[in-house]
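Here is a short briefing on the structure shown below. Topics are grouped for quick reading.

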Amino acid sequence: MAELRKRKRRRKRCRTVKRKKLVHGRRKTVNLRKCRPRKPRHPALAPAGTHPPAPVAAPPAASAPPPPTSPPPPPRLKTIQSPIGVYSGPFGRAQAERLLWRAGFGPRPGQLDALAALDLEGAVLSLTRPTGVAPMDGPEPTVDGQPLDVFETWYDDTLYWFDRLVRSRHQLVERLALIFHDWWATSTEAVGSSQFMLEQTNLFRTHGLGSFADMVRAVTSGPAMLVFLDGISSRRGAINENYARELMELFTLGADRGAYTEADVRELARALSGWRADWVSGVGYTNFRWDQANRWDGNTKTVFGQSGRFTWEDACRLVVQHPLHPSFFVAKLWSYFIPVPPSSDVAARLEAAYRDSGFQIRPIVEAILCSPELYEGPRMVKPPAVLTAGMLRARELPIDDARWVWLTDGAGQRLYHPPDVSGWDDKRWLDTNTVRARWDIVNEVMRGQSITSATWSSYPAETASEAVAKARAFWLDPVLTDETVPALHEFAATSVPDNPRASLRAQRQNALRQLIAASPDYQTC
Amino acid sequence: MTACHCKDFSRSALLRSAAAHAGAGLRPIEAGMPAAAGTGLSRRSFLARSGGLALAVFGGGALRPAAWEEGIAAASAAGPAPVLVSIFMSGGVDSLSLLAPVGDSRYAALRPTLALADSGVPEDVFTEDVRLRWHPDLAPIRDLHRGGMVTVIPAIGYDDPNQSHFTSRHYWEVGEINPLGRVGWMGRYLDRHGSADNPLQGLSLDYNLAPGLAAGSVPVAAVAAPEKYRLWTRDVWDASLNARLNERFGALGAQPTADAELAGARDAARQTVALQEQLAPLSGRSPAWTAPASYPGGSFPRRLAVLAEMLGMGLPLRCVALDANGGYDTHDDQNGSLPGQLNLFAASIAAFQADLIARGLADRVLIQVWSEFGRRPRENGGGTDHGAGGLSLLIGSRVTGTLVGEFPGLATLDAQDNLRHTVDFRHVYKHIVQDWLGVDATGIVPDAAKFSAPLALVR
C-alpha cells in the first residue's frame, strides 16, 4: 500500500515533454520529464554525516521467537536479543581490539581501555545503536592544504569516504557501508559520477542497520546501480538482463543453489524494466525515474513460480521473500565478520531471526558481534582500507594528502573501484605484490612519524626490551602472537651491536615500528 | 591555441589504467565510448620461482600457482618460438613529424610553425619515398631502416576513423571495429595457440594488463619492474640493520600456525622476502646485470632491457606489450615536447635491437610500434589535433625492410581534413599472425578475409 502511494506521488510530480536531444552523439526524440526537485531522494553530500535515528532501547519489532530445539540464549544480554550463543569469557582489551577491527577500523588512542571498561553488551551497543549526526574526530581532510573538492577533483570521492573511515565515531555505520559497497559492488569507473556513488554510500549508511528489504529497493532505484547494471537501458521490447541476473546471483540469492532458473532471470528482468534517465551533455545522466507508461513491460511475468504483472518493486520483494534468501544473507553477512562459516544450527537460528524480524540487519549484526565465534575463533585478514584507516586512527593522523588512494589501491582495494560486480575477493588480500604494498603503506604512515636523523644523536638510552615495548605502544599495544613477541625481542637484541650508539638505537626503534605494523600478526586480528 | 583534449586524455589514461586493473567498463569518460578489452578477467598474483618474477596473472583462475610454474618451466623447455613485442605510442603520435613530407607542396602551408626543415643531411632522406625525411631525433631508427631492419607503414588506419583516443585504441586493441570487444587481438592468438598454464606467454610490462593481451581463456601476466622489487624502510639507513629487518620479516612469516588466515599472511610475508632475494641480481641500479648494449636512462628503456634479459633467461614469452616513453597527444607546444621524446624512444629501440642481436635473439623478435591515430595535417598554431591515418613500424632482423602502403600525400585529405590511410591495421595484424606467429589468422583477426592483398612484412 505504501509502495503504491509512493509510486503515485512520483507520477504526479512529473510531466512528460518531447524534445529533440543529442544522446550519445545521436539526435533522438526523447521524452523529457519535467519534475519538481527531488530533494530527499537525491541528497547531496550533507546527509553523509547523518544516518537514520536509531531506537536506543527497543530492538526492532517482531524479534525472533525462541528456537525450538536448544536452550534459550544466556541471560547476560539485557537489550540485545541474540538467537545464538553469546561469548561468556572475559571482555578486556584483546576482545575490544578484535571488536573494533572487525566492526570498525581499529582503535584510536584510549579507545581500547574505554571499551574494555564496558561489558560485552555495552561495547557492542556502543557500535550498533548510533544516534544523530556522526561526530568526527580530528581535523577535516585536505590535499595540498585545500579542502576536498569531492565532485570535481579526481580521487577526492575516495578520500572523502576514506576520511570518514578514519574520523567518524559511528564506526560500524562506516564499516557496514564498506561491507555493503563490496556486497553491491558498484564502480565509479562505469557509473561515471561521484555524486551517484556517494549517494549510494549514503543508502548503505541509512539502511546498513535497518531493513535489507528497504536497502534492496533503495539500491535498485538508485542512480548508481541503474547506470552500472543498465537499469536505465532496459525497457519494454528491449529488456536488459544485467541487473536481474546480478540481483539474484550476487546480491540476494546466490548462484548454483537452485534458487532460480534462466527463465526467472528473463522474467525478473521484465519486471525490473522501465527505468530511464536523461542524458544532459556536460552533466551526464539526470532525472532518473520509472516510466511505467512508456518503458515498463506490463505483461504478466512468472517468477519463482508466481505470476503477476510484476513491477520493479515486486521484483525487489520477490527476491527478498524467496525461501533461499535468508540463508544467502546470513552466510554472506557472517563472512564479513568471522572467517569460518557458522555451524548449521547457528546459521538456521540467524536465518529464522532474520526472516521473522522482517529482514532487519541490526539484530543479526548484534548477534554476530556477541557470538563466541567472533572472540574465540581464528584471526581474520584486515582489508587494505581497514588496515590503512586503522593505522591513521592509531596515530591520530589527518588526511592531508591523496597518496592513500594510490597506496590502498596498490594493496588491492580502492574505495568506489571494486574489481568487478562481485566485489573484492576477501579471501585473497595477501600475495607478494600486496604484502610489498602494505609494507609501503606502513612507510607512508611513518612519514613525519619516524625518528629522523636530525634527532638521532640525542636519542635516549633504551634497552632491547624497552625498545620493543615502546614500538608496541606506538601502535597501541596490539595483540601479538606468542611466536611473534619473542621474535621481536630477539630482533631488538641482535640486530644492532651491544651497547648501540644513539643513532642505531633510533634506527632500531624505526625498524621495530615498521616490523610490528607490517607483521603478519598485525595484518590480521 | 585550440581547444585541447590533453586534460581529458590524461584523465582517460588514468581511467584506462584503473579499468585494465579492475576490468570495469569505461563508458563515463565520453558518452558512447566502448568498454576496454580485458573486462571480466580477475587478477591473481603469484611468484614464479623459476624466473624470479612477481606476476599479476589475469585469467586462468582454476589453476594453482604451482601449475603455472610448471607450465612456465615446460614452455621454456619447448624451445624457441617467435616473440611479438607490441609498443604503444600513447596519445596519437604525429606521423607527419616522424617522417616529414618535406617534398609535399602543401606541407609547409599546413604546418607554418611546425614543418620540419629539410635538414640537408643525405641520410635523413627516406630512401623509399624521397618526399619524406626522418625526424632528426629518429636517427637511430633511420639507421636501422638503412640496415634493412625497419618496415615502414606510413599511412595506417581504418575506414570511418574515430578520433576518440579511447575508441580508436580500443579498435586497435581488440583488432576489430567493435566497440563491445572484450578480448585483445593478441589474447585471441594466445587463446588458440597458447597454453593453459604459462602466464608469461602474454606479458604486460606494466602495473596493469595491456588490453591487447586480454585473453578469453588462458592466463596472461603483468609485471612492472622485476628489477625494483624490494622493501624499503623509512629512516633505517644502517645497511646491516636494514638487512636484519628484512630477514626478520621473512622469519616472522616462516613461523607455523594453525590459524588459517594468519598462516596465509605469514606465507605471503615469507614469499615476499624470498622474492626480494631472488630478484636481488636485478634490483638496485639499472640494470644490475651486464646488458650487451648501452641503454639510455628511463623506465621505457629499462623495461626493454629487462625484457631482453628475460628473453635471454629463456623465459617463454610470446606476446609482450608495453607503452613507449612519454605521451604523444601534442595539442600544443609540439616542438617543445616531441623531439626529446622521440630521441629517447629511438635510442631505446636501437639499444634493444642491438641487445637482441648481441644475445643472438634478434631473429626471434618482432617489434611492432603503433599509435591510436595520426594527427591533423593542419596545425593549430603550436600543436596538432587528433587525426586519422598514422604511422606504424615493424622492427627486427627478419622484417622485409620495405615500405608497406604508400604515403598518400597531402593534396587530398579525407572528409575531416585528415591523412587518408593506405593500409588497414587489421591487414597488418593478419600478416603478423600468419607470417610471423605462423598460424592461420581466421578468428584471431575477425575481418582477416576482407584483406586479401599480399602484404610483405617479414621474411
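Is A:Asp156 buried or exposed? A:Asp156 is buried, because 21 other C-beta atoms lie within 10 Å. A residue is buried if 20 or more other C-beta atoms lie within 10 Å of its own, exposed if 12 or fewer, and partly exposed in between, with C-beta atoms placed from the backbone.

This is a predicted model, in which local features need pLDDT of at least 70 and side-chain atom pairs count only at pLDDT 80 or more, while totals for chains, interfaces and linings use all residues. Residues are numbered from 1 along each chain as its sequence is written, and chains are lettered from A and ligands numbered from 1 in the order in which they are written.

**Confidence**

- Chain A averages a pLDDT of 87, and 86% of its residues score at least 70. pLDDT is the predictor's confidence in each residue, from 0 to 100.
- Over residues 1-68 of chain A, pLDDT stays under 50. The model has 86 contacts beyond four places in sequence for residues 1-68 of chain A. Two residues are in contact if their C-beta atoms, placed from the backbone, lie within 7 Å.
- Where pLDDT is low, the predicted coordinates should not be read in detail.

- A:Asp156 sits in helix 5 (residues 156-167) of chain A. Helices (H or I, at least four residues) and strands (E, at least two) are DSSP runs, numbered from the N terminus.
- A:Asp156 touches A:Leu148, A:Asp149 and A:Val150, leaving aside residues up to four places away in sequence.
- A:Val405 is 249 residues from A:Asp156 in sequence, yet 8.9 Å away in space, C-alpha to C-alpha.
- B:Thr151 lies in strand 6 (residues 150-157) of chain B. B:Thr151 is buried, with 25 other C-beta atoms within 10 Å.
- Residues touched by B:Thr151 include B:Leu394, B:Val399, B:Thr400 and B:Leu457, not counting residues up to four places away in sequence.
- B:Thr151 and B:Arg398 are 247 residues apart in sequence and 9.9 Å apart in space, C-alpha to C-alpha.

**Helix 11 of chain A**

- Eight of the eleven residues of helix 11 (residues 242-252) of chain A are buried, so this helix is largely enclosed by the rest of the structure. Among them are A:Tyr243, A:Arg245, A:Met248 and A:Phe251.
- The packing partners of these buried residues include helix 6 (171-183), helix 12 (262-271) and helix 14 (325-337) of chain A.
- A:Gly254 follows helix 11 of chain A and has a positive phi, near 95 degrees.

**Helix pairs**

- Helix 22 (residues 484-494) of chain A packs on helix 8 (residues 239-254) of chain B at about 165 degrees, with axes 11 Å apart. Axes are lines fitted to C-alpha atoms, for helices over the stretch in contact, and angles run from 0 to 180 degrees between N-to-C directions.
- Helix 22 of chain A and helix 8 of chain B are therefore roughly antiparallel. Angles under 35 degrees count as roughly parallel, over 145 as roughly antiparallel, 65 to 115 as roughly perpendicular and the rest as oblique.
- A:Thr484, A:Ala487 and A:Phe491 of helix 22 of chain A meet B:Arg244, B:Arg248, B:Ala251 and B:Leu252 of helix 8 of chain B.
- Within chain A, the axes of helix 8 (residues 194-207) and helix 9 come within 10 Å and cross at roughly 170 degrees.

**Chain B overall**

- Chain B has twelve helices and twelve strands.
- Of the 459 residues in chain B, 57% are buried.
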